[in-house]
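Please open the model in your viewer and keep the selection tool at hand. This tour goes from stop to stop, saying what to select and what is there.

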Amino acid sequence: SDSYSLLILPGDGIGREVMAEVRKVIDWLGANRGLTFRVEEGLVGGASYDAHGTPLTDEVMARAQAVDAVLLGAVGGPAYDDLDFSVKPERGLLRLRKEMDLFANLRPAQCFDALADFSSLKREVVAGLDILIVRELTSGVYFGEPRGIHADDNNPDNEGGRVGVNTQRYTSGEIRRVARAAFELAKKRGNRVCSMEKANVMESGILWREEVQWVHDNEYPEVELSHMYADNGAMQLVRRPQQFDVIVTDNLFGDILSDAAAMLTGSLGMLPSASLGAPMANGRPKALYEPVHGSAPDIAGQGKANPIACILSFAMCLRYSFDRAAEADAIEAAVERVLADGVRTADLMGPDGGTAVTTGQMGDRIVAALAAA
Ligand code: NAD
Ligand code: IPM
Ligand code: MN
């Protein structure tokens with residue numbers, strides 16, 4: 001039997017609640033599919049700040065580098081809003097992404113048939129939706145220098161006297177590697193890539209467009225490539241999302257567009273993600289898997305969180321880190337069956353009046369569906 005090492009970082013708020021449900025799935029696979037994981041847990045975000053005064057210790061960072069894959073819940077919360085920027089929970093997550101060099105963030109948005117009436121858009125717009133946003137994750141305005149807040153000393157006309165600075169910066173190499181990831185993924189799907197930037201107002205956007213086109217022309221001429229300004233892209237995602245197959249875009253546009261795409265599927269609680277780096281010596285990419293949603297302070301501790309995004313993130317882990325497509329398919333099918341049976345967490349209580357269940361009950365139902373398959 002195969003054995004993989006996993007570092008689980010539940011984080012804060014509902015991150016802890018949804019990760020408990022992933023543990024049920026992991027345990028079931030171990031007991032029934034001979035797929036065993038050496039699971040370690042660690043702290044990240046506010047939980048790490050509370051224990052160690054930092055949102056990510058060097059020790060947890062080193063463990064993340066050493067394991068086969070990292071699973072993360074979510075970080076952040078109002079208790080940490082007033083902390084110094086350098087120790088905010090979100091910094092822990094950003095450090096993991098940056099130091100593991102997880103440049104390709106895969107955010108699929110699939111509309112399960114049972115949820116087609118739950119989207120805020122009409123059923124016919126979203127039914128059957130299956131798109132993949134590939135978000136650049138280690139560069140752009142999230143990391144560009146210079147950055148900071150400083151005094152605007154020599155400018156008497158600036159009321160308040162301060163400046164906030166962030167820098168959108170991309171190298172051609174950073175753009176080419178994420179473009180390659182998008183083209184490779186497109187080849188296994190609908191063979192179409194739409195690249196989004198704002199080349200009409202940003203030089204980094206011009207470079208983005210040119211480099212994506214270069215990778216296409218030199219390495220993937222057989223994949224269909226189109227370009228779109230990101231603002232139009234946001235509108236098109238809502239107008240007719242099924243025109244897209246793979247979307248490749250920068251760090252900030254990808255963050256925003258993927259939250260928008262979430263509502264095409266019915267709930268932010270449905271969207272998984274995989275953050276991948278370059279292949280290591282063993283052929284596997286460095287990888288971190290996490291739901292797209294955050295720690296949801298408004299519902300934390302109430303058993304209301306939808307664990308599906310986190311469970312589907314673990315399915316992506318099986319697929320992309322461990323080549324266990326059969327088990328990943330089985331988990332996705334189990335989720336689909338449970339939804340088809342009308343089992344709903346609170347975020348999915350909508351038009352069909354399904355049965356309201358807690359986070360824990362949803363996890364149990366998914367495991368039961370796995371067992372019944
Ligand atoms: P959020 O994603 O936590 O919540 C947005 C809304 O969606 C809330 O109403 C929430 O109740 C709902 N929601 C989210 N996930 C859900 C789920 N699984 N089931 C049911 N409902 C769900 O975003 P926010 O409120 O803007 O941010 C809260 C905190 O989370 C902030 O500190 C933010 O920085 C952090 N955050 C972390 C991550 C991450 O760890 N990857 C992602 C986004 C936000
Ligand atoms: C996400 C989140 C993060 C981001 C935050 C929490 C740092 O919104 O993963 O989508 O902005 O990347
Ligand atoms: Mn986000």
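In which loop does A296 lie? Select A296, and you will find this residue in the loop between β12 (285-289) and α10, where helices (H or I, at least four residues) and strands (E, at least two) are DSSP runs, numbered from the N terminus. A296 has a positive phi of about 45 degrees, although it is not a glycine. With 23 C-beta neighbours inside 10 Å, A296 counts as buried, because a residue is buried if 20 or more other C-beta atoms lie within 10 Å of its own, exposed if 12 or fewer, and partly exposed in between, with C-beta atoms placed from the backbone.

Before going on, note that this is a predicted model, in which local features need pLDDT of at least 70 and side-chain atom pairs count only at pLDDT 80 or more, while totals for chains, interfaces and linings use all residues. Residues are numbered from 1 along each chain as its sequence is written, and chains are lettered from A and ligands numbered from 1 in the order in which they are written.

**The two domains**

Now colour the chain by domain, using bounds that come from an automatic or database domain assignment: domain 1 is 1-109 + 271-373, and domain 2 is 130-263. Their C-alpha centres lie 25 Å apart. The contact between them takes 15 residues from domain 1 and 18 residues from domain 2, where two residues are in contact if their C-beta atoms, placed from the backbone, lie within 7 Å. On the side of domain 1 that touches domain 2, α4 (89-99) and β4 (104-110) each supply at least two residues, and β4 gives the most, with 6 residues.

Select next the loop between α4 and β4, which holds D101. The phi of D101 is near 60 degrees, a positive value in a residue other than glycine, and with 15 C-beta neighbours inside 10 Å this residue counts as partly exposed.

**The ligands**

Select ligand 1 and the 22 residues around it, of which G76, G269, H293, G294 and N306 come nearest; a residue is near a molecule if its C-beta atom, placed from the backbone, lies within 6 Å of it. The shell around ligand 1 has 11 nonpolar, 7 polar and 4 charged residues, where Ala, Val, Leu, Ile, Met, Phe, Trp, Tyr, Cys and Pro count as nonpolar, Asp, Glu, Lys and Arg as charged, and the others, Gly among them, as polar. Both α1 (14-33) and α4 supply at least two residues of this shell.

Move on to ligand 2, which is surrounded by G76, E90, L93, L94, D255, V292 and G294. Here α4 gives the most to the shell, with 3 residues.

Select α1, whose 20 residues should span 28 Å at 1.5 Å a residue, and whose end C-alpha atoms are 28 Å apart, which agrees; the expected span of a helix is 1.5 Å times one less than its number of residues. Among the buried residues of α1 are I14, V18, V25 and L29.

Then select α10, in which 12 of the 13 residues are buried. What covers these buried residues includes α1, β3 (69-74), β11 (274-279), β12, α11 (325-340) and α12 (359-372).

**Last stops in domain 2**

Select E145 and P146, which are joined by a cis peptide bond with omega about 0 degrees; P146 has its place in strand β6 (residues 144-151). Finish at G140, in the loop between β5 (130-136) and β6, where G140 is buried, with 25 other C-beta atoms within 10 Å.
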